[in-house]
Each structure stands twice: as structure tokens, then as C-alpha cells.
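This report examines aromatic pairing, the nonpolar core and strand pairing in the structure shown below.

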Amino acid sequence: MSVQFSVIIPAYNAEKTIGRCLNSLVRQVSGHSAEIIVINDGSEDNTEKIIKEYQQRFPLIRYYSQGNAGVSVARNKGLELSAGEYIVFVDSDDYVLDHYFDSLGASEETDLVVYPFISTRNNKTQTHDKWIASISGNTKEKINGVIFTRVSSPWNKRYKRTIIQEHQIRFNPELHLGEDFLFNLRYMLFCNSICTNKNVLYCVDESNDDSLTRTERKDFFKQQKLMYQKSFQLINSCNWSRDEKSSLIQMIDYIFCRTVFACAEDAYEADKEKSYSVVKQITREFSEIKPEHVPSLGVSHYVMQW
């Protein structure tokens, strides 16, 4: 029997949350043909044991174990193993909400479906759906809207497997920040249709605070620089018209300018005396990859470019 949904779950030391994640999926899969592919990325706790217990109870769960190689490698392995018409990603510490499969199956012809989500932290819940208004117009305008929202995670999107496989779209293992942005950008360049689903279908659990250290913040800029460099390369190599490419590059340039400013602010807060030299270096590296002339979106973009 053909598989409608392939759910890909990378898991690393997720013994506290993987059960909740799997429960949220298997309890509402009835009426849908689905496979749940769990990639154990070298967990050192009871994650493997828990997954295998669920696998014995629910045959739709497929299990694969690998040495710790990172979320990109785990997701790519899930893509290789997948057989579903549609691909969705779920993180092992998160869970899906009611009518998940019903809602995602309602837009069969659409290449990419983007949907709202909630986040929980310290027993407080926040709904993230205001950005939906930014995603409007034709397909290319909607791509700009998705990028503008900066909601680049793969877990609030439904993809078509045929597009992913035909164009060999994968997560870049070189990146541990921004790999999802590049994945989505490349995927959207091949989309003929994008829509938003107004139903809140996903919950992000932010209980584990993994905020970046100062050292990681330096790496943050290097990672972001590589991500944007590859983004500009992707756009320039696609078969869009010059004006369409220019519009997309303009949007990405605006977001990258904001990233550069965030890095500069962080450098200033970390060491005011050395911040000038750090900011000078950041600006020089930014100029190396920035396209020669990108029209500004507005006053703030113009100032940041300057």
C-alpha cells in the first residue's frame, strides 16, 4: 500500500520526550497511510530502548540508529529511507496537535504547506501565527514572505517527496546553524504553489535552554555568513528572471544585514574595548560575499547597508 506521509524524527538523548512525541502521532494516524521514521543520532540514554518499545506496539514506526553525526545527517538519512508522498519533520522534544494529518492532507496539490505553531516555556504558551499575513501573492512573492518571517524551521511545513528527490535537496552537514534555511530556500525555488494552513498543528517545547555561548556567537557569524553565501549562489543559479532574482536577493540581504548588526551588538556587549576591531572584521567579511548592488527595502535597510 502506498504511503501518504513520511514523518522524520531525529532523536538525540530524548528519553524524557520521545514517548510524548510518538504518542501525539500514533494516536491520530488512523485513516491515513503513514510511516514514522525515527533516526537515533548516537543517544547515550534510554532513547533507543523507548523507541524500540514503541516500534513493537506500532508497526508503522521505522527505526534507524547511527553514530552521533548531527541533525542534518539524521534528517538526510530519514529522507533516504522515506517512501511517503509527503514529508514532514518533527523534533523529538516537540509534539503535534489534533487534526495534524487531517489538516495536512487537505491541500494535496500544494507543493509547500506552512502552518502556525505554539511554543511552551515555564508553563506559558505562545501562539505563533501573525506572520501568516506576510505570505501572500503569487508563488514567488510567497517565497519572499516565508523568508521575511524567518520561520525557517522544517517542522512547521509539509513538503512533497517528489520535489525533494528529483532535485536531491538535502540538509547541509557543514552547517549547524541555518541548514534549515538553505533547505527551505532550495526547495521553494522549485515550488509552483505555496499555501498557509490556519490551523495550529505543532508545539515547540522550549524547556531546554541551549542558548549560545560567547564562543558560539563568534561561530554564529561564520555559520550565518556561509549560509547567506550559499543562498546568493543558489538564487543566481536558478532559472528565474533577473528581476525575480533581484527581489529575492533583496529580501535575503535585508535579513543578513540584521544578522550582521546582531553580531556587532553582541561583540560590543562582550568586550567594548575590542568591539571596534571585531565589528570591522565582521563588516569586511560581509562585504566579501554581499552582491555589488542591492536596492534597499526601506530606510532601516538602507542605513544597515551603509
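Which residue of β11 stands opposite Ile-118? Ile-118 faces Cys-203 in that strand.

## Basis of the model

The model is predicted; local features need pLDDT of at least 70 and side-chain atom pairs count only at pLDDT 80 or more, while totals for chains, interfaces and linings use all residues. Residues are numbered from 1 along each chain as its sequence is written, and side-chain values use heavy atoms, with hydrogens and water left out.

## Strand β11 and its partners

Helices (H or I, at least four residues) and strands (E, at least two) are DSSP runs, numbered from the N terminus. Two strands pair if DSSP finds at least two bridges between them. Strands β7 and β11 pair in the parallel sense over four bridges. Strand β5 (residues 95-96) runs antiparallel to β11, with two bridges joining them; here Val-96 has Tyr-202 as its bridge partner.

Within β11 (residues 202-205), Tyr-202 and Val-204 point one way, Cys-203 and Asp-205 point the other way, and all are buried. Buried means under 20% relative accessible area, exposed over 50% and partly exposed in between, for a 1.4 Å probe and protein chains only.

## Aromatic pairs

Rings of Phe, Tyr and Trp (its six-membered ring) pair if their centres lie within 6.5 Å; planes under 30 degrees apart count as stacked, over 60 as edge-to-face and the rest as tilted. The count by this rule is 17 aromatic pairs. Phe-117 and Trp-155 form an edge-to-face pair, because their ring centres are 4.9 Å apart and their planes stand at 80 degrees. Phe-117 belongs to strand β7 (residues 117-121) and Trp-155 to the loop between α5 (139-149) and β9 (157-160), so that the pair links parts of the chain 38 residues apart. Phe-117 is buried at 9% relative accessibility, and Trp-155 is buried at 9%.

Tyr-159 and Tyr-187 are also edge-to-face, since their ring centres lie 5.0 Å apart with planes at 90 degrees. Tyr-159 lies in strand β9 and Tyr-187 in helix α7 (residues 179-188), so this pair ties together parts 28 residues apart in sequence. Tyr-159 is buried at 0% relative accessible area, and Tyr-187 is buried at 0%.

## Nonpolar core

A nonpolar core is a set of buried Ala, Val, Leu, Ile, Met, Phe, Trp, Tyr and Cys residues joined through side-chain atoms within 4.5 Å. The largest one has 86 residues, and among those touching the most other members are Ile-147 and Leu-248. Helix α9 (residues 242-270) contributes the largest share, ten residues.
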